[in-house]
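Reader: I'm new to this one, could you walk me through it?
Author: Gladly; please have a look at it first.
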Amino acid sequence: GEAVEHFWLGGVHHEKGVFYGTLANDPDVVKGHEYGEAVSVKASEISDWMYAHDGVLVGGYTMRLLRKRMSPSEREAMDRELKIRVE
């Protein structure tokens with residue numbers, strides 16, 4: 001339909017220009033999808049990405065912005081949960 005929402009994918013792999021993974025968050029706006037569902041997305045539809053290299057976040061620009069807007073205690077909690085460094 002007309003609804004647009006960003007999703008996080010886990011267990012991602014790539015084949016012939018398409019990324020495959022499972023939804024790693026519960027949809028709020030888009031109906032008909034659920035956490036853990038297998039999905040595919042074209043590279044041209046990706047708005048953000050991230051991975052860890054040697055324990056440091058690479059990419060993750062949405063996460064960096066959200067983290068910047070958090071209180072110090074929220075940021076500390078997120079950092080503990082992520083188990084990677086955001087520099």
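This is a predicted model: local features need pLDDT of at least 70, side-chain atom pairs count only at pLDDT 80 or more; totals for chains, interfaces and linings use all residues.

Reader: Okay, what order do the strands take in the open sheet, and how do they pair?
Author: The open sheet has three strands in the order 1-2-3, and their pairing is antiparallel. Strand 1 and strand 3 are the edge strands, each pairing on one side only, and the twist from one strand to the next averages 25 degrees.

Reader: And how many bridges join strand 2 to strand 3?
Author: Five bridges join these two strands, which run antiparallel; as for individual residues, V18 has K42 in strand 3 as its bridge partner.

Reader: Switching to helices: at what angle do helix 1 and helix 2 pack?
Author: Helix 1, residues 61-68, packs against helix 2, residues 72-82, at an angle of about 145 degrees, and their axes lie 10 Å apart.

Reader: Which residues meet there?
Author: From helix 1 there are M63, R67 and K68, and they meet R75, M78, D79 and L82 of helix 2. Sorted by class, that contact has four charged residues, three nonpolar ones and no polar ones.

Reader: Now the largest pocket, what is its volume and what lines it?
Author: The volume of the largest pocket is about 900 Å³, and 24 residues line it, with F7, W8, L9, V41 and D48 lying nearest its centre. The elements that give two or more residues to this lining are strand 1 (9-15), strand 2 (18-23), strand 3 (38-42) and strand 4 (50-53).

Reader: How does that lining divide into nonpolar, polar and charged?
Author: The lining of the largest pocket has 14 nonpolar residues, seven polar and three charged.

Definitions and conventions. Residues are numbered from 1 along each chain as its sequence is written. Side-chain values use heavy atoms; hydrogens and water are left out. On a 1 Å grid over the protein atoms alone, a cavity is a set of points where a 1.4 Å probe fits but cannot get out, and a pocket is an open set with protein on both sides within 12 Å along at least five of seven lines; lining residues have an atom within 4 Å of a point. Grid points are joined across faces, edges and corners, and a volume is the space filled by probe spheres set on the points. Helices (H or I, at least four residues) and strands (E, at least two) are DSSP runs, numbered from the N terminus. Ala, Val, Leu, Ile, Met, Phe, Trp, Tyr, Cys and Pro count as nonpolar, Asp, Glu, Lys and Arg as charged, and the others, Gly among them, as polar. Axes are lines fitted to C-alpha atoms, for helices over the stretch in contact, and angles run from 0 to 180 degrees between N-to-C directions. Contact means heavy atoms within 4.5 Å. Two strands pair if DSSP finds at least two bridges between them.
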